[in-house]
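Subject: Structure handover

Hello,

Here is the structure I promised to pass on. Please open it first, then read my notes below.

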Amino acid sequence: MKIVLFGATGMIGTRIAAEALSRGHEVTAVSRSGRVPEAATGATGVAGDAADAQAVAELAAGHDAVVSAVSPPRDGSNPLEPFTALYEALLKGVRAAGVERLAVVGGAGSLLVAEDTKLVHTPGFPEVYKNEALTHDAVLTSLRTVDDLDWVYVSPAAEIAPGERTGTFRLGGDWLLSDADGNSRISAEDYAVAFVDELEQGATSKARITVAY
Ligand SMILES: NC(=O)c1ccc[n+]([C@@H]2O[C@H](COP(=O)([O-])OP(=O)(O)OC[C@H]3O[C@@H](n4cnc5c(N)ncnc54)[C@H](OP(=O)(O)O)[C@@H]3O)[C@@H](O)[C@H]2O)c1
């Protein structure tokens, strides 16, 4: 499978690239720097901006799937406007490239903890992640209106960090998954396993899934 991965140098993107490469897929690793992280040796590094629809169209052409693991600006400004604009451009580019499959690394804040309550709206939600979570929620809401692409939005658990690749995890839908101790967590390596499984199997279309222990 030929995968073009925007955000390939990031904490999560690097692990998706490494997992896909280990299964024999071809990876075009895009970031604004164009760097190929050591763990993704074998990928083709390209510099590109996911917020530039024309660049996305050119970079995505000829691939079987587009992955977005880009992060919103984290300079303290509200990322809502630039990140939703980035996703509009990305979608435009993906359509122009004629690629149908789009897999998005999403956020956990939009996951449900009660019928009418998202994690981001719970009292203990860390203030520092709030704008990023609300921004991801807006991206997902907008993605849910897209019916001409075969998209999937993959929310990590509430906590995701570099760790171990165990290959053992649970998959869910719109609800936050927590373990027996009440912790919602996943290693970035296991998240990548679930993500690449989804790319290979195409089990989910036009919906959100989540991955947690
Ligand atoms: N529990 C949660 O909800 C949770 C936790 C962690 C992360 N996340 C989400 O997961 C995603 C990935 O997070 P991360 O921590 O892996 O991010 P990260 O380490 O900051 O990496 C972001 C990647 O995106 C690239 N990038 C940023 N803007 C870009 C642009 N305009 N065009 C092309 N590439 C761009 C960066 O490279 P350049 O800067 O070189 O372009 C980098 O490769 C984010 O959307 C984040 O919000 C969710």
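Start with helix α3. Its buried residues are Phe83, Leu86, Tyr87, Ala89, Leu90, Leu91, Gly93, Val94 and Ala97. Buried means under 20% relative accessible area, with exposed over 50% and partly exposed in between (1.4 Å probe, protein chains only).

A word on the source. This is a predicted model, so local features need pLDDT of at least 70 and side-chain atom pairs pLDDT 80 or more, while totals for chains, interfaces and linings use all residues. Residues are numbered from 1 along each chain as its sequence is written, and side-chain values use heavy atoms, without hydrogens and water.

Helices (H or I, at least four residues) and strands (E, at least two) are DSSP runs, numbered from the N terminus.

Back to α3. The buried residues of α3 pack against β1 (2–6), α2 (53–60), β4 (65–68), β5 (101–105) and α4 (127–143). Contact here means heavy atoms within 4.5 Å. The 18 residues of α3 (80–97) should span 26 Å at 1.5 Å a residue, and the end C-alpha atoms are 26 Å apart, which agrees. The expected span is 1.5 Å times one less than the number of residues. Gly98 follows α3, with a positive phi near 75 degrees.

Now α1. This helix has 12 residues and reaches 17 Å between its first and last C-alpha, close to the 16 Å expected. Its buried residues include Ile12, Ile16, Glu19 and Leu21. The buried residues of α1 pack against β1, β2, β5, β9 and α5 (188–201). Just after α1, Gly24 has a positive phi of about 90 degrees.

Next, β1. Of its 5 residues, 4 are buried. β1 pairs with β2 in the parallel sense, over 5 bridges. Strands count as paired if DSSP finds at least two bridges between them. Leu5 stands opposite Ala29 in β2.

Last, the largest pocket. It holds about 1300 Å³ of space. A pocket is an open set of points on a 1 Å grid over the protein atoms alone, where a 1.4 Å probe fits, with protein on both sides within 12 Å along at least five of seven lines; lining residues have an atom within 4 Å of a point. Of the 50 lining residues, Ser71, Pro72, Arg74, Glu132 and His136 are the closest to the centre. α4 gives the largest share of the lining, 7 residues.

Best wishes

Key:
Points joined across faces, edges and corners; volume = space filled by probe spheres on them.
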